[in-house]
Amino acid sequence: LQGIFVLGLPYALLHSGYSGLLLIVLAAALCCYTGKILIACLYEENEDGQLIRVRDTYEDIANACYKKLSPSLGGIVVNVTQVVELIMTCILYLVVSGNLLSHSFPYVPVTEKTWSVIAFVTLLPCIFIRTLKIVSKLSQLCSLVHFLIILVVITYCLTQMHQWSWAKFRLSLEFEDFLVSVGVIIFSYTSQIFLPTLEGNMKNPGEFRCMLNWTHFFACILKTTFALTAFLTWGEKTKEVITDNLPSFLETLVNLCLLTKTLLSYPLPFFAATEIVYSCISKDNHSNYRSPLLALTVRGSFLLLTLLMAMFTPHFALLMGLSGSVTGAAMTFLLPSLFHLKLKWENLSFLEKCADISVFILGFLCSLAGIVCSIKGLLEVLG
């Protein structure tokens, strides 16, 4: 829940004003809700009225929804969407790593792409990761580094409290700038892709809803505090990545911490993407299901693909925004609400149906607006 997008929240407040604070809370509530209804789609009631987990993955949910149309069509759509989003995330981490190294060591005569290759070399051991347990330990370290970054920024901001002013908040909004803020805020919470696997690996899955409530609550508090203190400190001078506002002696330290966080973040989407592809290949080749060579080939191919795309894809940030508007909105809002309506329609109350339909419409509008803005940006750059 605490990704790189968090560092852009103060910039989002710059363009959204007071409404941005409301959006941070609303986005937490909506993402928590769609996480719950997505997991609800994994379960069905048996003859005794007890909930039994009859599905294991996002793919299984999609296949159950559209099995009359095609036994595997829904799963194919979901898997392609997931893999595209996960790969784009991995590429973003490589691009960001190169950028951070370049800014941390400006006097070293090395290009940003070369720094990305150096960062890539440190990620080569990822091809040997075989279990989610290793990924979870790396994610724990990632969270600790992230909290350190947040702590440093907030501490510095508190030392500048004497210059805070609520007058820095904007009352009038530019529509396109506001849409950018909506995208940054919403996608700083997205985690739906990982939830079925996470819930399935919990020692007590019955605590999942409680866990989701508390994690989103604390994430909301932390994001609001971080965004508010940073924006009140720098106001109109707030930059897209808030660490660029820090004094030089702190900026280098935080950038190195951010680099560590970025490299530790890479294994999770990488592992998830390769597992999806590996399982799809194995379904058609059961004898090689446990083949170490096949697994290494899949992971190695994906690792190399992320490097090549990071090196040779022009205007990656805009392409990331375009794909994120499609895949991010789909996986976070559109598909969970659509699947929940499809599988649970007869058991849903009128208010629950209204809630799902509202989330679907909101997700569609966010996706459409993001696509329009990203395409417009690409056309401006290319034209």
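Predicted model: local features only at pLDDT ≥ 70, side-chain atom pairs only at ≥ 80, totals over all residues.
Residues are numbered from 1 along each chain as its sequence is written, and side-chain values use heavy atoms, with hydrogens and water left out. Local features need pLDDT of at least 70 and side-chain atom pairs count only at pLDDT 80 or more, whereas totals for chains, interfaces and linings use all residues.

Two packed helices are described by the angle between their axes and the distance between the axes. Helix 6 (residues 132-159) and helix 10 (residues 248-265) cross at roughly 155 degrees, and their axes come within 8 Å. Helix 6 is therefore roughly antiparallel to helix 10 (an angle over 145 degrees). The crossing of the two is left-handed. Among the residues of helix 6 in this contact (heavy atoms within 4.5 Å) are Leu 138, Val 145 and Tyr 156, which face a group in helix 10 including Leu 250, Cys 257 and Lys 261. The contact of helix 6 with helix 10 comprises 13 nonpolar residues, three polar and one charged. Ala, Val, Leu, Ile, Met, Phe, Trp, Tyr, Cys and Pro count as nonpolar, Asp, Glu, Lys and Arg as charged, and the others, Gly among them, as polar.

Helix 1 (residues 9-16) packs against helix 9 at an angle of about 70 degrees, with the axes 8 Å apart. Helix 1 is therefore roughly perpendicular to helix 9 (65 to 115 degrees). Their crossing is right-handed. Nine nonpolar residues, no polar and one charged form the contact of helix 1 with helix 9.

The axes of helix 4 (residues 73-104) and helix 5 (residues 112-122) lie 7 Å apart at an angle of about 115 degrees, and the crossing is right-handed.

Of its 19 lining residues, Ala 40, Leu 51, Arg 209, His 340 and Lys 344 are the closest to its centre. Helix 2 (18-40), strand 1 (43-45), helix 9 (208-234) and helix 13 (316-344) each supply at least two residues of the lining. The largest share, five residues, comes from helix 2. By class, the lining of the second largest pocket has nine nonpolar, three polar and seven charged residues.

Technical notes
Axes fitted to C-alpha atoms, helices over the stretch in contact; angles between N-to-C directions. Helix = DSSP H or I, 4+ residues; strand = E, 2+ residues; numbered from the N terminus. Parallel < 35°, antiparallel > 145°, perpendicular 65-115°, else oblique. Left-handed = near helix turned anticlockwise from the far one by under 90°. 1 Å grid on protein atoms, 1.4 Å probe; cavity = no way out; pocket = protein on both sides within 12 Å on 5 of 7 lines; lining within 4 Å.
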